[in-house]
Amino acid sequence: MSLSIQPLADDLLDEADRVMMAAFRSPSRRDELAFYRSLQPNSWLVATLDGATVGAGGVTCYGPFAWLGLMAVDPAIQRRGIGQALVEALIAQAHELGCEAVLLDASNAGAPVYARVGFVEDDRVRVYARETQAGPMEGNPEAARRATPLTRNDLPALVDFDARYFGASREALLAASFQLYAGRVFATRDESGSLTGYLVAQEQRLGPWVATTPEAAEALLAHALALPYAEAPSVLVPTLNCDATDLLERIGFTSSRELRHMRHGGEPGLQRRERIYGQASFAIG
């Protein structure tokens, strides 16, 4: 048995996607994977066993910390140490990029693998969704009017605001959001015009979503719920943000799943998670 770990090249995207579909029992993630790799080139890896692709995953480096995501091993050959070898390689990759800490969100099945290499649990993340039909979702029109669209000209202020709570700059991700989700990036402001919150309404998820007050968060959510969706969007909520869970449950969102937010290296409190209402994804935070 010859196990090799190497960078994810273009010609291995389909194979990595095959492994992820099998491991996560999900539709294709090829486009998602290609996007994440564009944010952090050369930090996505594949594991090959005797020449066959059997695992994949990546890290996105934000400076003080990296986010490890989409870690998958072919179910047919799990429990042979492949996952642990891949995680160790990704941690080393994060360190090479200058990130002292590595963060991730782990399922109950994956958490023991991460614990074995030194990850500790700092928080949990709940997946919330609300049943709806296709088309605009009912929101709060009065609250929705307090949120206004952002443009690329607002990017510097948005990056600065987000970094105070996320804990690092996400300029590449936020810049891409204006192109990917045109007209679906919006914010609330105080009387001086300073940002008090923002939300990116993806096609299937609400996030990133950050707000300094419950009132700002509710205005952003109301604005988001007035937009059209092909299916009910989900929200990935840190459990440290009690205001977020209260708001979502009050208007009919229910939690279907909970993951463990874990950290390798660094100190607790790298993020102000009590102000993060929705993550961009499990893969990149």
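**The cysteine link**

Reply: The link of Cys61 and Cys99 is right-handed, with 100° about the S-S bond. Cys61 lies in strand β3 and Cys99 in the loop between α3 and β5, so the pair ties together parts that are 38 residues apart in sequence. Helices (H or I, at least four residues) and strands (E, at least two) are DSSP runs, numbered from the N terminus.

Me: What kind of model is this, and how are residues numbered?

Reply: This is a predicted model, where local features need pLDDT of at least 70, side-chain atom pairs count only at pLDDT 80 or more, and totals for chains, interfaces and linings use all residues. Residues are numbered from 1 along each chain as its sequence is written, and side-chain values use heavy atoms, with hydrogens and water left out.

Me: How many disulfides does a search of the whole structure find?

Reply: The search finds 1 disulfide, a disulfide being a pair of cysteine sulfur atoms within 2.5 Å. The sulfur atoms of Cys61 and Cys99 are 2.1 Å apart.

Me: Are Cys61 and Cys99 buried or exposed?

Reply: Both Cys61 and Cys99 are buried. Buried means under 20% relative accessible area, exposed over 50%, and partly exposed in between (1.4 Å probe, protein chains only).

Me: And why does Cys242 count as partly exposed?

Reply: Because its relative accessibility is 47%, Cys242 counts as partly exposed.

Me: In which sense do β1 and β2 pair?

Reply: Strand β2 (residues 44-49) pairs with β1 in the antiparallel sense over 5 bridges. Val46 in β2 is the bridge partner of Gln6.

Me: Last topic, the whole chain. How many helices and strands are there?

Reply: The chain has 9 helices and 15 strands. Buried residues make up 52% of its 285 residues. Its C-alpha atoms fill a box of roughly 65 × 40 × 30 Å, taken along the principal axes.

Key
Two strands pair if DSSP finds at least two bridges between them.
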